[in-house]
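Colleague: Got a minute to go through the ligand site and the pockets with me?

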Amino acid sequence: MTARTETLLWLAQRASAAVLAFAVVVHLATIVYAVRAGLNAAEIIARLQGHAGWLVFYGVFVAAAAVHAPLGLRTVLAETTPLRGALLDILVVAFGLMLAILGWRAAFGLFAFGSD
Amino acid sequence: MNTALDVAVWRGAEQGRFVSYVVPLRENQTVLDIVTYIQRHLDSTLSYRFSCRVGMCGSCAMTVNGVPRWTCRTHVRRVATNSRLEIAPLRNMKVVKDLSVDMTGFFDKWARAGGAFAPQKTHSKDFAVVQPDSRARRQADAGIECIGCGVCYAACDLVSWNADYLGPAALNRAWTLVNDVRDGARAQRLAAVAGDAGCHACHSHQSCVQWCPMELNPTSAIAGLKRATVGAALKGAL
Ligand code: SF4
Ligand code: SF4
Ligand code: FES
């Protein structure tokens with residue numbers, strides 16, 4: 001991988017970390033709020049479905065996680081296992097795609113809940 | 001007060017064992033003095049490396065009670081625990097014999113990180129004027145006192161996890177040159193230090209800073225390289 005690609009990947013990891021720092025705080029705050037307010041699943045779904053703002057928020061959150069986690073995993077695996085090179089890259093890209101698909105599916109599922 | 005020191009010294013190469021020696025304790029004594037005493041009086045086959053004895057050449061580093069140190073400037077009183085000392089070769093380098101390690105890989109990485117100054121064609125130009133208080137000069141200043149002892153390299157866990165990692169000293173050197181306005185190889189050097197064998201791999205956990213005997217800060221130099229490489233990559237100059 002070229003120096004430029006590696007550098008941009010590093011930047012992507014830092015940038016996604018910044019997004020995650022914000023998104024995780026919002027996410028945790030809403031969890032605390034939901035618990036304190038005693039919201040049940042139906043009430044939570046009622047607030048999220050059809051709400052484009054939350055869809056965008058969780059869409060971005062998932063994207064940041066799907067960028068950040070595989071890059072971190074790539075480093076951890078390279079430093080602790082003999083995995084290197086193309087095989088490692090394919091593995092972590094697959095992992096990132098999985099995170100993105102599962103996450104977006106969940107976010108979109110809440111948004112569109114009950115509409116079909 | 002104890003009058004003798006119980007010293008365990010690594011003997012052998014990669015495979016070897018600690019051998020115990022009893023060395024008289026003096027009022028003022030460095031770890032290098034201890035090793036020299038053993039070699040002169042107890043076992044002349046002991047191999048180790050030193051030169052200047054005053055903290056300039058960087059050749060005497062060893063692992064003392066688990067910590068990488070320059071032995072010629074490390075006082076026994078400060079590091080011996082219960083009159084005991086364990087002296088081993090530096091980590092992350094192949095042991096040649098006893099306390100001498102092969103530093104080839106360490107210095108090869110300086111070259112790979114673009115550690116050689118690349119003069120611009122200035123014979124027709126006037127002397128470069130470098131303002132002492134300019135930002136670049138001050139950043140270069142912060143790193144130029146490196147004596148190449150390898151202490152930081154031995155302290156860095158990342159070197160032991162990733163054998164290709166250029167390491168704190170080579171990257172620190174590269175950063176001093178990136179800040180040298182007379183240098184003509186900025187782009188090549190930034191390309192050489194980028195990536196997961198270079199500055200972007202550094203975990204910033206600062207073991208290098210903790211033990212560098214010259215009190216340099218390679219972690220901060222590496223952070224500078226991260227910024228400079230990102231800037232170059234975004235401008236398409238990497
Ligand atoms: S800060 Fe970087 S160079 Fe220094 S010890 Fe840690 S990983 Fe190694
Ligand atoms: S940076 Fe410090 S510890 Fe590392 S080689 Fe230079 S003087 Fe030694
Ligand atoms: S012998 Fe030169 S630095 Fe220790």
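Predicted model: local features only at pLDDT ≥ 70, side-chain atom pairs only at ≥ 80, totals over all residues.

Colleague: Where does ligand 1 sit?

Modeller: Ligand 1 is placed in the second largest cavity. Around ligand 1 there are 13 residues, and the closest are B:Cys156, B:Cys202, B:His205, B:Gln206 and B:Cys208.

Colleague: Which elements give two or more residues to that shell?

Modeller: Those are α9 (207–211) and α10 (218–234) of chain B.

Colleague: Switching to pockets. How much space lies in the largest pocket?

Modeller: About 650 Å³. The lining of the largest pocket has 26 residues, and A:Glu6, A:Arg74, A:Thr75, B:Asp196 and B:Ala201 lie nearest its centre.

Colleague: Which element gives the largest share of that lining?

Modeller: α3(A), with seven residues. By class, the lining of the largest pocket has 10 nonpolar, eight polar and eight charged residues.

Colleague: What about the second largest pocket, how much space is there?

Modeller: About 440 Å³. The second largest pocket is lined by 19 residues, with A:Thr30, A:Ile44, A:Leu48, A:Tyr58 and A:Leu110 closest to its centre.

Colleague: Which elements supply at least two residues of that lining?

Modeller: In chain A, α1, α2 (41–48), α3 and α4 each do.

Colleague: How many of the residues lining the second largest pocket are charged?

Modeller: One; the others are 14 nonpolar and four polar residues.

Note on methods
Residues numbered from 1 in each chain as written. Chains lettered and ligands numbered in written order. Heavy atoms only, no water. Near = heavy atom within 4 Å. 1 Å grid on protein atoms, 1.4 Å probe; cavity = no way out; pocket = protein on both sides within 12 Å on 5 of 7 lines; lining within 4 Å. Sits in = over half its atoms within 2 Å of the grid points. Helix = DSSP H or I, 4+ residues; strand = E, 2+ residues; numbered from the N terminus. Points joined across faces, edges and corners; volume = space filled by probe spheres on them. Nonpolar A, V, L, I, M, F, W, Y, C, P; charged D, E, K, R; others polar.
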